[in-house]
Amino acid sequence: MKRCVVELTSYSTYHVSRTYCKQNRCVPLSQKMYPDMRTCFIEISYQVRTNTVSLKYADKRHPCWPFQTGCPTSGFLNLQKRRIVAFSCSCQRPGGEAEKHKQPLRLRTDDVFPGNNELHAQRLERSNANVHNSFVSAIGPNGGRDEQTVAGLHNDDVHAGNGLPTSAYVHLPFCKRRCFYCDFAIVAIGQRNDANSTNIDSTMGSYVTTLCKEITSTLSQLPQASPLKTLFFGGGTPSLLPPQYLSRIVDTLDQHCGFQCDAEISMEMDPGTFDKQTLKQFLGLGVNRVSLGVQSFNEDFLKACGRSHGLQDVYEALDIITGLNVSNWSLDLISSLPHQTLEHWEECLREAIGLSPAHVSVYDLQIEEGTKFGVWYKPGHHPLPDEDKSASFYRLASSLLREAGYEHYEISNYAKPGFQCRHNMVYWKNQPYYGFGLGATSYFNGKRFSRPRKLKGYADFVELCINQSSDNFSANEEYLSFYSNTVESVEDRVCDTIMLSLRLASGLNLNELSKNFGHELRVHICKSFLPFINSGHAVAVDSKFKTVPPDTFSTALSEQSASKVLKDVIFIRLTDPDGFLLSNEIISSLFTDLPIK
Amino acid sequence: MDILARIQAASITAPCLAPQHHHKHLQQLCFPMSTGHHFSCFYMHQNHFPVAMPGHPCRIPSGSIRCQSGAVEAPEMQDVKFSKSMLSFDMGKDRLSKVPASQIRNFSIIAHIDHGKSTLADKLLQVTGTVSDREMKEQFLDNMDLERERGITIKLQAARMRYVAKDGEPYCLNLIDTPGHVDFSYEVSRSLAACEGALLVVDASQGVEAQTLANVYLALENNLEIIPVLNKIDLPGADPERVRNEIEEIVGLDCSEAIFCSAKEGIGIQEILESIVAKVPPPKDTSMNPLRALIFDSYYDPYRGVIVYFRVVDGSIKIHDKIQFMASGKEYEVDELGVLSPGQMQVNELFAGEVGYLAASIRSVADARVGDTITSSANKAGMALSGYQEAVPMVFCGLFPVDADQFGELREALEKLQLNDAALKYEPESSSAMGFGFRCGFLGLLHMEIVQERLEREYGLNLITTAPSVVYRVQCADNTVVECSNPCELPEPGKRVWIEEPFIEMITPKEYIGTLMELAQERRGEFKEMKYITESRASVIYILPLAEMVGDFFDQLKSRSKGYASMEYSLSGYRKSDLVRLDILINGEPMDPLAAIVHKDKAFAVGRALTQKLKELIPRQMFKIPIQAAIGTRVIASESISAMRKDVLAKCYGGDISRKKKLLKKQAEGKKRMKSVGRVEVPQDAFMAVLRLEKEVV
């Protein structure tokens with residue numbers, strides 16, 4: 001049985017991997033199927049022998065979304081060779097009666113790959129397919145509800161069978177200048193003009209060459225790289241890179257691992273660094289998500305941060321994005337800037353909401369050592385807002401954005417339904433990912449590795465990679481071991497799981513925790529959570545998606561035997577905004593309580 | 001040549017083999033040498049042989065003597081000519097030889113701090129050849145690092161010296177060092193009890209100081225012959241004549257034969273040695289009586305068990321003897337017997353009047369307590385020696401390990417320290433905030449500090465100490481009197497009628513009168529009298545609650561007098577005071593270690609200072625924390641720490657995970673180092689700071 005995950009959104013009706021599309025096992029689903037659920041996760045299992053597909057979905061409205069296929073529905077798709085023939089399913093809504101839907105699938109095209117004509121044509125073909133009904137009932141309404149399958153959902157989802165990443169981060173370090181708060185691995189190249197244009201191109205060109213070498217060397221060493229599901233161009237300012245360079249990177253990746261057809265390809269862009277033509281070319285290369293680094297809607301603050309753009313650039317950039325019908329775009333904002341007041345911040349948030357991005361990231365200014373801000377300011381001291389004020393900024397963002405229909409799905413991220421950043425979800429779900437480029441980190445084979453942060457060091461590193469792989473026939477393992485110091489210890493993995501999952505609105509999946517680290521740890525963690533659940537900073541959620549009252553939770557814990565209630569608590573999540581605001585305190589307390597081996 | 005060869009053989013084999021069949025040799029060899037110089041000359045020849053001598057066989061009536069290798073080595077000399085140091089060295093080598101009791105002199109040195117006691121002791125060791133010039137390091141007897149650093153003697157040490165007096169007779173001089181600080185007066189009295197005489201060392205420029213007096217009285221109580229010595233006469237400001245008059249006037253000693261000396265320059269050392277021989281009475285020769293030896297010190301050696309230092313009062317003690325400790329009743333066989341010179345050197349027998357050490361695989365110091373009498377199992381003495389009055393701790397404080405896992409180690413360390421320091425008292429104590437620890441009693445403040453430092457330095461412990469407290473006497477309503485040194489154990493206000501606290505009398509010389517008065521006045525001090533000793537010297541006596549002195553009184557006194565002030569204090573008795581117990585509550589939970597017994601008039605100020613400090617030092621937590629100071633149920637000072645508003649890592653992307661995890665783990669580590677008081681986590685250093693502050697303000 002093969003599995004993939006399909007994400008349904010109100011905008012795009014289907015996403016199935018390109019691999020499957022190519023084999024014409026693509027499974028488009030109409031959103032009409034679940035008229036009250038605009039977005040859900042569907043797990044599709046295709047059985048070649050019977051030529052049937054079963055599916056399960058998770059309810060978007062559930063706080064545990066998108067981790068849990070808690071109320072699965074099964075349905076079946078009948079596929080004919082190279083053609084989707086029919087679909088039928090029976091579903092049970094949470095708490096509702098079983099219903100049978102026998103509807104023809106209506107396919108909609110979208111502009112996921114506007115540049116890919118072949119794919120586009122395929123889709124058109126499919127959308128016109130004559131879909132007729134055929135209903136097979138083999139799995140009951142509760143089919144697939146057992147924990148194994150449920151928990152397996154997103155594991156198989158990512159590891160795609162061979163445990164290798166299906167996500168990649170590519171670092172493009174070039175920036176016009178360094179912002180005053182920034183401590184990233186960047187290369188400042190100044191404003192492009194006639195005089196330095198050639199130099200800039202050659203610097204970028206040689207960087208991209210090195211980068212592509214790294215990609216090739218990494219991926220060609222792997223037994224079988226899985227097609228990418230998400231790709232993220234981060235920086236730096238990736239939008240400074242001329243499209244022909246980006247094309248080389250995308251081609252290299254396509255050549256060595258390929259993309260799934262619904263792959264999310266994000267790119268960070270800064271206002272004032274691209275025009276309509278450039279963006280069009282980026283989109284043509286497959287970029288389908290834009291993250292625009294606006295940071296503030298106030299000219300003074302932009303200046304105070306050392307941003308290379310002004311407010312005018314912001315609006316021009318927005319015009320370009322909307323003009324090209326990019327629906328999946330995100331906007332970055334920074335709160336707690338020097339001299340910022342609650343009024344300023346509210347103004348900024350309202351302006352952002354008015355522009356209706358699909359996704360908003362709100363970052364609280366962090367003063368880092370070695371930055372200009374680090375020299376000028378001391379956290380919590382004037383002109384930076386104090387702790388109380390900074391907390392009120394956070395609360396305001398949370399309440400305004402949620403009011404406006406954004407889900408606060410991660411500590412600093414908000415999205416309209418269906419527009420969570422799938423790439424970043426990989427990080428928070430503690431799943432593996434490749435990292436390519438200057439200072440990039442990767443996580444695979446259980447190892448985290450950071451690349452050198454200086455151009456020279458990075459180039460040497462890539463040379464070493466290439467030499468290692470060519471010198472040694474059984475280089476695979478050696479190469480991988482070169483990649484990182486040590487495999488993450490169990491303790492590290494537990495810490496990763498706790499710290500990352502608690503960033504998400506869905507919280508920590510206890511079933512998974514006990515599956516990976518044992519039941520004892522589950523009980524232990526529940527105990528550690530008790531004070532925070534009592535104080536309202538965390539919430540326990542049971543298998544029926546109901547909040548477990550603190551009293552019930554604490555009673556269950558105080559009982560000697562492994563109580564039923566405790567077993568029933570599937571998720572523990574932090575509350576928004578109280579729990580999120582004190583997440584460090586809570587996470588570090590949980591760390592303190594971890595049993596020491 | 002034949003003789004020399006035999007000596008070689010003997011000197012090589014003697015230390016490692018059982019001496020029984022060898023000492024015949026040795027006796028024969030040694031027989032022609034009577035005393036002192038001749039004997040030394042003999043060794044001079046030895047030194048021309050390239051064979052290093054691992055030991056020094058010498059003549060004693062009933063057995064051979066071995067000295068531990070390395071304790072004394074042959075000097076490297078090319079010339080046979082006698083130099084002064086060579087001479088003394090050679091004399092020194094004979095210091096293990098048996099002399100009749102009439103030629104033994106046991107003495108100690110008493111002095112005010114910094115009057116040069118240790119320097120004089122060092123010089124005596126050098127001049128008598130007990131230690132060679134090469135071995136000499138400053139303050140030889142102060143062998144603890146701490147002692148050398150602070151320039152004070154804490155543990156008493158002994159040294160056996162050989163001195164050939166002008167009358168041509170060799171004498172055995174036992175110097176028993178005494179600690180110089182008043183806190184250690186108990187140890188002083190212990191060493192004085194093992195002596196017949198004492199050198200009273202007085203700085204020839206500074207004159208009689210507070211401590212001089214205290215120690216002279218102790219010596220007189222022990223019926224010691226006191227030899228006045230005026231030290232540092234080489235210094236420009238020295239005025240020995242004036243000081244001599246001062247001693248006569250103040251102490252009432254006859255100073256007509258006072259010795260003028262400079263230990264540093266080696267002036268007058270010979271006179272001192274002669275004077276010891278002439279004036280200090282020899283111990284009574286009671287070696288025919290059943291064995292009685294007084295233990296004046298003991299310490300635990302991890303390889304040999306408890307090492308006992310003793311003075312043989314009656315009879316004699318031999319290696320392999322079965323001995324009994326009269327108080328504990330325990331019996332042991334002597335494995336090792338020796339003298340301190342100043343290193344341990346083994347001998348086979350010790351007689352009445354001698355000072356030595358023994359090891360007998362004694363596992364617990366409780367079996368061989370300081371003050372106990374050693375007797376022979378075979379021939380028991382009828383009555384034990386009078387021993388020592390038990391030391392009474394004056395100052396108490398709680399000692400808690402920072403890391404709760406170190407509790408066991410702390411207990412062991414205290415047990416071991418107590419082996420050497422009978423004045424140290426401790427009992428287990430537990431507190432909600434600090435976990436398990438000990439309530440310890442000390443002779444005084446310096447003693448407390450020394451013990452703390454030794455625990456930290458020698459045993460590698462990380463400790464938190466609570467503010468020191470004194471022993472209060474509480475008159476209860478049911479007509480009983482309760483002694484209480486722990487504020488937490490103070491009876492409820494309803495049950496007590498009044499509280500008495502110990503008061504002390506302080507004396508300080510004229511120069512520091514102003515400083516002392518100023519300080520004492522701030523601390524409930526009461527002026528008693530001003531005495532003019534001579535025209536230029538006066539002293540002031542103040543009465544002050546001891547509790548007022550256990551904080552930073554000394555530090556203040558020193559800092560206000562730029563380090564010069566000196567004072568002496570003695571307990572003058574108990575008096576009623578208007579005292580209350582001040583509790584500190586964090587989030588409604590009393591913090592036992594911060595509770596203090598304070599004078600009613602000070603309670604408010606202390607309460608306010610402590611709550612403010614805690615507010616400053618306890619980090620914000622997830623809820624609001626009230627901090628209160630209360631007397632009983634009445635809150636007299638209150639602060640509150642507002643709840644934490646925000647502690648969140650704004651951005652966490654792929655590249656950030658390891659870094660953020662590190663930050664969170666660091667935060668978690670910080671939490672581990674905190675002590676929880678109820679739900680509140682209090683950082684260790686907040687505790688420390690408040691305890692420090694408490695020492696200042698209480």
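Me: Where does Pro577(A) lie?

Reply: In this predicted model, Pro577(A) belongs to the loop that links β23 and α20 (578-581) of chain A.

Me: And the peptide bond from Asp576(A) to Pro577(A), cis or trans?

Reply: That bond is cis, and its omega is near 5°.

Me: Which residues does the cis peptide bond with omega of about 15° join?

Reply: It joins Gly235(A) and Gly236(A). Gly236(A) sits in the loop between β10 (228-235) and α5 (243-256) of chain A.

Me: What is the phi of Asn325(A), then, positive or negative?

Reply: Asn325(A) is not a glycine, yet its phi is positive, at about 55°. The residue is found in the loop between α8 (311-323) and β13 (329-335) of chain A.

Me: Back to β23(A). In which order do the strands of its sheet run?

Reply: The open sheet has 4 strands in the order β20-β23-β21-β22 (chain A), with antiparallel pairing.

Me: How many bridges join β20(A) to β23?

Reply: There are 2 bridges between β20(A) and strand β23 (residues 569-574) of chain A, and the two strands run antiparallel. Asn509(A) is placed opposite Phe571(A) in β23(A).

Me: Now chain B. What is the pairing in the open sheet of 6 strands?

Reply: The pairing there is mixed, and the strand order is β2-β3-β1-β4-β5-β6 (chain B). At the edges are β2 (158-164) and β6 (259-260) of chain B, each of which pairs on one side only.

Me: How do β1 and β4 of chain B run, parallel or antiparallel?

Reply: Strand β1 (residues 104-111) and strand β4 (residues 197-203) of chain B run parallel and are joined by 5 bridges. Within this pair, Phe107(B) stands opposite Gly197(B) in β4(B).

Me: Changing topic: how many residues does each chain bring to the contact?

Reply: Chain A contributes 40 residues and chain B contributes 26 residues. Together the chains bury about 3,300 Å², of which 57% is on carbon and sulfur atoms. Of the area that chain B buries against chain A, 20% is supplied by Met622(B), Lys646(B) and Ala650(B), more than any other three residues supply.

Me: How many salt bridges are there across the interface?

Reply: Between chain B and chain A there are 11 salt bridges. One salt bridge is formed by Arg659(B) with Glu368(A), whose closest N and O atoms are 2.9 Å apart.

Me: Which element gives the largest share of the side of chain B that touches chain A?

Reply: Helix α17 (residues 657-672) of chain B does, with 11 residues. By class, that side of chain B comprises 12 charged, 10 nonpolar and 4 polar residues.

Me: What confidence does the predictor give?

Reply: The complex receives an ipTM of 0.73 and a pTM of 0.59. Chain B has an average pLDDT of 76, and 77% of its residues score at least 70.

Me: Where in chain B is confidence lowest, and where highest?

Reply: The lowest mean, 35, belongs to helix α3 (residues 36-46) of chain B, and the highest, 93, to strand β31 (residues 625-631) of chain B. Residues 1-83 of chain B have a pLDDT below 50, and this stretch makes 110 contacts in the model beyond near neighbours in sequence. Where pLDDT is low, predicted coordinates should not be read in detail.

Technical notes: Residues numbered from 1 in each chain as written. Chains lettered and ligands numbered in written order. Predicted model: local features only at pLDDT ≥ 70, side-chain atom pairs only at ≥ 80, totals over all residues. Heavy atoms only, no water. Contact = heavy atoms within 4.5 Å. Buried area = accessible area lost by both parts, 1.4 Å probe. Salt bridge = Lys/Arg side-chain N within 4 Å of Asp/Glu carboxyl O. Nonpolar A, V, L, I, M, F, W, Y, C, P; charged D, E, K, R; others polar. pLDDT = per-residue confidence, 0-100. Pairing = 2+ DSSP bridges.
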